[in-house]
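Please look at the sequence and the structure first, and then follow the points below, which are grouped by topic.

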Amino acid sequence: MATAGSRWAVVMSRNAGFSDQVVELDLLYPSEGIHRRWDSGYRITSTAATCDQAAFVFSVPRKKLPDETQELFERRLSPAHM
């Protein structure tokens with residue numbers, strides 16, 4: 001996944017070891033969408049962002065991984081910084 005200015009490029013492959021993949025574009029608070037996907041068994045496999053948007057590729061591995069720990073660190077800007 002990549003960005004250039006306001007343009008996005010996302011490449012997803014078949015037979016890549018995932019049973020399902022989705023792309024989610026978030027404008028304000030991506031943690032809500034991330035937690036919703038995590039609860040459904042998806043894991044983040046790619047990210048990209050512009051100054052006002054963040055995109056995430058979520059994938060469900062075909063095989064359960066021994067260590068699948070992922071954490072979310074979030075910093076919300078005050079309205080003066082936006």
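This is a predicted model: local features need pLDDT of at least 70, side-chain atom pairs count only at pLDDT 80 or more; totals for chains, interfaces and linings use all residues.

Helix α1 spans residues 30–39, and its buried residues are Pro 30, Ser 31, Gly 33, Ile 34 and Trp 38.

**Around helix α1**

- On the other side of α1, the residues Glu 32, Arg 36 and Asp 39 are exposed.
- The buried residues of α1 are covered by parts of the chain that include β3 (18–26), β4 (43–49) and β5 (54–61).
- Just after α1 comes Gly 41, which takes a positive phi of about 95°.

**The nonpolar core**

- The largest nonpolar core has eight residues in all, namely Val 22, Ile 34, Trp 38, Tyr 42, Ala 54, Phe 56, Phe 58 and Val 60.
- Two or more residues of this core come from each of the elements α1 and β5, and β5 gives the most, with four residues.
- When residues up to four places away in sequence are not counted, Val 22 touches Met 12, Arg 37, Tyr 42, Phe 56, Val 57 and Phe 58.

**Aromatic rings**

- A search of the whole structure finds one aromatic pair, and it is formed by the rings of Phe 56 and Phe 58, whose centres are 6.0 Å apart and whose planes stand at 35°, so the pair is tilted.
- Both Phe 56 and Phe 58 are buried.
- The ring of Tyr 42 has the charged end of Arg 37 sitting over it, at 5.4 Å from the ring centre.

**Salt bridges**

- The count of salt bridges comes to two.
- In one of them the side chains of Glu 24 and Arg 36 meet, with 3.7 Å from N to O; since Glu 24 lies in strand β3 and Arg 36 in helix α1, this pair ties together parts that are twelve residues apart in sequence.
- Glu 24 counts as buried because its relative accessibility is 8%, whereas Arg 36, at 51% relative accessibility, counts as exposed.
- Glu 24 also forms a salt bridge with Arg 37, in which the closest N and O atoms are 3.0 Å apart; Arg 37 lies in helix α1 and Glu 24 in strand β3, so this pair ties together parts that are 13 residues apart in sequence.
- Arg 37 counts as partly exposed, at 24% relative accessibility, and salt bridges that share partners join Glu 24, Arg 36 and Arg 37 into one network.

Definitions and conventions: Residues are numbered from 1 along each chain as its sequence is written. Side-chain values use heavy atoms; hydrogens and water are left out. Buried means under 20% relative accessible area, exposed over 50%, partly exposed in between (1.4 Å probe, protein chains only). Contact means heavy atoms within 4.5 Å. A nonpolar core is a set of buried Ala, Val, Leu, Ile, Met, Phe, Trp, Tyr and Cys residues joined through side-chain atoms within 4.5 Å. Rings of Phe, Tyr and Trp (its six-membered ring) pair if their centres lie within 6.5 Å; planes under 30 degrees apart count as stacked, over 60 as edge-to-face and the rest as tilted. A charge sits over a ring if NZ of Lys or CZ of Arg is within 6 Å of the ring centre and within 35 degrees of the ring normal. A salt bridge is a side-chain nitrogen of Lys or Arg within 4 Å of a carboxyl oxygen of Asp or Glu.
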